[in-house]
Amino acid sequence: MYAGRADQVQAARTFAEALFAGMPCVDVVALAVGELAANAVRHTRSGEGGVGWFGLEVVCDNPVYIAVTDMGGHGIPTVLPEGYGGTYGESGRGLRMLYELALMFGVHGNSTLGHTVWVDLDLNRKLEALQAPAQLAS
């Protein structure tokens with residue numbers, strides 16, 4: 001469990017990078033952990049008032065399982081339609097990008113008690129083997 005602060009997003013990402021060091025998927029895992037944790041801190045009660053938290057679950061297998069649990073509030077995590085916000089939109093594309101990278105993607109829970117957003121990732125998938133980031137985010 002991590003405190004619901006922006007610096008803890010980096011701490012969670014660093015933890016995941018250490019777990020997957022030397023594996024082909026390390027950058028994809030780091031991206032997923034960073035995006036899901038940042039969303040929990042930015043868009044839920046997890047990041048409010050300095051007293052919140054988010055949980056991280058990581059399973060090193062094939063597929064890799066990454067899940068972040070938040071404290072709920074402020075709606076439901078949603079994968080936005082392709083092209084949302086245009087090429088230069090500053091938000092709203094992170095879950096879409098993870099959805100495109102994932103073998104499976106899901107959300108469970110509710111706004112009152114919290115959501116868990118999870119992805120299954122290919123253990124052998126490298127980030128640089130994918131399309132350019134601008135194409136992923138559109």
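In what order do the five strands form the open sheet? The order is β1-β2-β3-β5-β4, and the pairing is antiparallel. Strands are DSSP runs of E with at least two residues, helices are runs of H or I with at least four residues, and both are numbered from the N terminus. Two strands pair if DSSP finds at least two bridges between them.

This is a predicted model, in which local features need pLDDT of at least 70 and side-chain atom pairs count only at pLDDT 80 or more, while totals for chains, interfaces and linings use all residues. Residues are numbered from 1 along each chain as its sequence is written, and side-chain values use heavy atoms, with hydrogens and water left out.

Select residues 2-3 and 104-110 to see the edge strands, β1 and β4; each pairs on one side only. Y2 has F54 of β2 as its bridge partner.

Continue to β3, which forms a hairpin with β2, with four residues between them. Five bridges link β2 and β3 in the antiparallel sense. Pick E57 and find A67 of β3 opposite. From A67, look across to W118 in β5, which also stands opposite A67. β3 and β5 are antiparallel too, over six bridges.

**The helix across the sheet**

Select residues 26-43, helix α2. The helix lies across β2, β3 (64-69) and β5 (114-121), and runs at about 15° to β3. The angle is taken between N-to-C directions, from 0 to 180 degrees, with axes fitted to C-alpha atoms, for helices over the stretch in contact (heavy atoms within 4.5 Å).

**D70**

Move to D70, in the loop between β3 and α3 (94-101). D70 is buried (under 20% relative accessible area, with a 1.4 Å probe and protein chains only; exposed is over 50%, partly exposed in between). A polar atom of the D70 side chain lies 2.7 Å from the backbone nitrogen of G72. Leaving aside neighbours within four places in sequence, the contacts of D70 include A40, W53 and H115.

**R125**

Finish at R125, in the loop between β5 and α4 (133-137). R125 counts as partly exposed because its relative accessibility is 30%. A polar atom of its side chain lies 3.1 Å from the backbone oxygen of L101. The C-alpha atoms of R125 and A102 are 10.0 Å apart, with the two residues 23 residues apart along the chain.

Technical notes: Polar contact = N/O pair within 3.5 Å; in protein donor to acceptor, adjacent residues only side chain to side chain. Lys, Arg positive; Asp, Glu negative; His and termini not counted. Salt bridge = Lys/Arg side-chain N within 4 Å of Asp/Glu carboxyl O.
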